[in-house]
Amino acid sequence: MKLSELDDLGLKNVGNIYHNLSYADLIKHELDNGEVQQTNKGATAVDTGIFTGRSPKDKFFVDRDPSNKYIAWGDVNKKVSSEIFDELLVVAQEQLSNTDLYITDVFCGSSVASKRSVRFVSEIAWQSHFVKNMFIRPTESELEVFKSDFVVLNACKAVNDKWKEHGLNSEVFVLFDVENNIAIIGGTWYGGEMKKGIFSMMNYWLPLEGKLAMHCSANIGKDGDTALFFGLSGTGKTTLSTDPHRALIGDDEHGWDNHGVFNFEGGCYAKVINLDGKSEPEIYGAIKTDALLENVVMYGEGEVDYEDGSKTENTRVSYPIEHIANHKKDLMGGHPENIIFLTADAFGVLPPVSKLTKEQAMYYFLSGYTAKVAGTERGITEPVATFSACFGEAFLPLHPTVYAKLLGEKIDKHNVNVYLVNTGWTGGAYGVGKRMSIKNTRACINAILDGSIQKSEFDTTKTFRLQVPKTLGDIKSEILNPRNAWEDKELFDKTRDNLATMFISNYKKYQTSEHTDYAPFGPVVGS
């Protein structure tokens with residue numbers, strides 16, 4: 001690359017420039033630099049330091065025209081002044097000057113009409129490896145004419161000593177300057193900041209063009225039928241979309257434009273805590289040379305203990321999507337026929353599968369419900385309801401209703417079926433009931449995808465007023481209507497109504513004169 005391009009980024013006296021290295025070269029650098037260990041399967045494993053997840057409280061957008069008129073300011077999207085940004089930009093530039101650099105050029109978005117070109121700059125080889133895994137790798141001819149739309153300066157070794165004076169959250173900073181098309185990262189080594197940072201930007205850019213950005217996985221059948229799987233972490237988004245009978249489009253981030261659904265990424269980022277080769281053979285088999293594990297515990301001669309969560313429960317692996325044999329080569333699909341909202345209901349009151357009307361779909365999309373269970377976070381001893389708008393509120397720069405409106409328009413235009421699938425508990429809440437079996441969840445998903453669920457007769461549940469099939473393949477009928485799976489019916493009714501009250505309370509923030517009110521299509525206690 002031209003040295004003038006580094007000058008334009010404010011980087012001075014740069015040493016060696018490792019620009020768009022091959023996997024083999026990156027892995028050699030990682031090992032030679034002492035950044036990683038190698039597993040007996042050929043994958044590399046890295047510890048990301050004290051940060052084993054994102055730092056959402058340290059993420060800020062520059063308060064600048066015109067983006068400040070579109071961004072939904074609040075707890076998710078916090079402001080930072082242009083003066084503070086410029087000051088921390090210098091901190092990042094100084095950290096990345098006078099050193100060797102790894103520079104990686106990638107695309108975000110497989111749709112020619114909607115993709116963005118992104119350049120990542122780091123002094124850490126494994127971070128370049130992570131980026132190469134997670135985004136779309138340009139061809140040699142595309143790299144020859146590559147021109148970035150957006151730049152990320154990852155100065156993870158730098159910290160902000162003046163964070164209190166700046167009124168920020170900590171010495172960590174993850175800052176986005178929309179107008180100048182640059183982001184800077186300091187104080188955290190966690191690779192997911194780069195992945196989700198660009199996802200946030202796609203969630204800003206695309207809706208302003210009338211295109212939907214989505215936190216979902218997607219796959220496609222042999223007949224070309226596309227399905228979307230929305231869900232928060234731990235609901236089964238990656239597992240359920242990785243299907244030997246359907247081609248994987250992507251496991252986490254997608255767009256939906258006039259041409260159909262398209263993956264933002266060129267790789268997968270799967271949780272590996274308690275990973276089992278029998279229940280998740282595709283993901284287990286993907287952990288080989290070029291895959292990059294995060295924060296796993298190793299022993300012996302490169303063995304990985306996937307059950308050991310002593311470093312973090314958020315152990316992960318990134319790998320090129322090519323490691324999944326049955327993936328869609330162009331990372332694109334048509335307009336979806338089915339949309340599935342995944343929720344892990346630890347209260348055990350939502351049905352394993354429900355058919356939603358368009359209005360119910362809007363309600364549950366804006367609610368974005370799942371539940372955390374004991375052990376997932378410090379201090380959690382019983383189920384805790386979690387609501388994250390559009391199943392990804394942390395990554396939405398615009399107001400959630402912008403995304404919901406776009407989804408509703410596309411559901412109408414393309415006559416899409418929408419379902420709510422509970423991958424959580426049945427027969428009782430967490431600690432009493434049992435986790436929904438993968439076998440039963442797969443049966444529900446398969447019935448949706450092959451259309452057989454539409455031949456079922458449906459009942460309407462009380463309170464949540466969800467349409468549930470009376471029978472569905474080999475699934476026991478008492479499981480399909482969750483009340484029947486509980487021995488203590490009175491306790492079920494109380495638990496159901498308590499959860500409904502949480503839904504109603506959460507949804508109140510969307511009940512304004514500015515937005516269509518879908519509350520009448522949510523739960524009603526006493527109905």
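Guide: Start with burial. A residue counts as buried when its relative accessible area is under 20%. Keep in mind that this is a predicted model.

Visitor: Is Phe150 buried or exposed?

Guide: Phe150 has a relative accessible area of 0%, so Phe150 is buried. Trp205 comes out at 10%, so Trp205 is buried too.

Visitor: When do rings count as a pair, and how many aromatic pairs are there?

Guide: Ring centres must lie within 6.5 Å. By this rule there are 27 aromatic pairs. Phe150 and Trp205 form one of them, with 5.6 Å centre to centre. Their planes are 75° apart, and the pair is edge-to-face.

Visitor: Which parts does this pair tie together?

Guide: Phe150 is in strand E8, residues 150–154. Trp205 is in helix H7, residues 192–205. The pair therefore ties together parts that lie 55 residues apart in sequence.

Visitor: What kind of pair do Phe262 and Phe264 form?

Guide: A tilted one, with 55° between the planes and 5.7 Å centre to centre. Phe262 and Phe264 are both buried.

Visitor: Which residues do ring pairs link into a cluster?

Guide: The cluster holds Tyr363, Tyr364, Tyr369, Phe387, Phe464, Phe503, Tyr507 and Tyr510.

Visitor: Which ring does the charged end of Lys196 sit over?

Guide: The ring of Phe395, at 4.7 Å from its centre. Arg316 lies over the face of Tyr269, 4.9 Å from the ring centre.

Methods
Residues numbered from 1 in each chain as written. Predicted model: local features only at pLDDT ≥ 70, side-chain atom pairs only at ≥ 80, totals over all residues. Heavy atoms only, no water. Phe/Tyr/Trp six-rings, centres within 6.5 Å; stacked < 30°, edge-to-face > 60°. Helix = DSSP H or I, 4+ residues; strand = E, 2+ residues; numbered from the N terminus. Buried < 20%, exposed > 50% of the residue type's maximum accessible area, 1.4 Å probe, protein only. Lys NZ or Arg CZ within 6 Å of the ring centre and 35° of its normal.
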